[in-house]
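My notebook is open and I have the model on screen.

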Amino acid sequence: MSSVPDGKKLVRSPSGLRMVPENGAFNSPFSLDEPQWVPDKECPRCMQCDAKFDFITRKHHCRRCGRCFCDKCCSKKVALPRMCFVDPVRQCAECGLASQKEMEFYDKQLKVLMGGGTFLVTVGTSEKSETMVCRLSNNHRYLFLDGESHFEVELSRITSMQVLTEGFTPGEKDIHTYTSLLESQYISEGGNSRASGMLLHYKSVGSLDLQQLRMEAADDKKIASAWLAAMHKAAKLLYESRDQ
């Protein structure tokens, strides 16, 4: 599936122009669906400041949440790559702030993930590890692991992720953060320790059984740690996309 080319098409929605995959099945796992707009007849007043709409005070819909606001409360146009908009779109203050924070992920951390990091990879309960480069695919849908062998993990099939930190014995206090992507939980536990590895659980295509993948930083631990931090942010966005 990862070798299928991802064609794009330009579509126009009430919110603006969007560049989306020709096949909806190839949407980025980080993407969000466009919201249903609150019908005009159901919002006589601004849903933020309660100003009454009239010929002077016009209503606008936030492109991210779909609610109605006056121009004062929904005047900023902010980039919204998670909905594939070509240009910045009108958003309320709360949504605009969320979108601005996500831009760091799209501007910086996605590049780190696609650049890859080198890890010692252990599959399942095997005692053998292999040095592999792990990177995110260009369409954001797969983790590619390349060494003497090659295999892929589809992000949409990851059920949980644990980021491990150095300085503790495995199985005791080595779990720094835990993200359960099936149970809609996102837990971040304190500490400033550098991430040193990751434990993934996922389901292979055609299988209901959980598979385990353990990755521990190899050669350049600084690059590997940055990759793991970016992956942790990616997991948060995955949870939000699944929970919408």
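I began with strand 8 and strand 9 (residues 142-146), which pair in the antiparallel sense over four bridges. For this, strands are DSSP runs of E with at least two residues, helices are runs of H or I with at least four, both numbered from the N terminus, and two strands pair if DSSP finds at least two bridges between them. I looked up Cys 134 and found its bridge partner, Leu 145, in strand 9. Five residues lie between the strands of this hairpin, and His 140 takes a positive phi near 70° there.

A note on my source: this is a predicted model, where local features need pLDDT of at least 70 and side-chain atom pairs count only at pLDDT 80 or more, while totals for chains, interfaces and linings use all residues. Residues are numbered from 1 along each chain as its sequence is written, and side-chain values use heavy atoms, with hydrogens and water left out.

Val 121 stands opposite Glu 130.

Then I turned to rings. Rings of Phe, Tyr and Trp (its six-membered ring) pair if their centres lie within 6.5 Å; planes under 30 degrees apart are stacked, over 60 edge-to-face, the rest tilted. I counted four aromatic pairs. Phe 105 and Tyr 106 are edge-to-face, because their centres are 5.6 Å apart and their planes at 90°.
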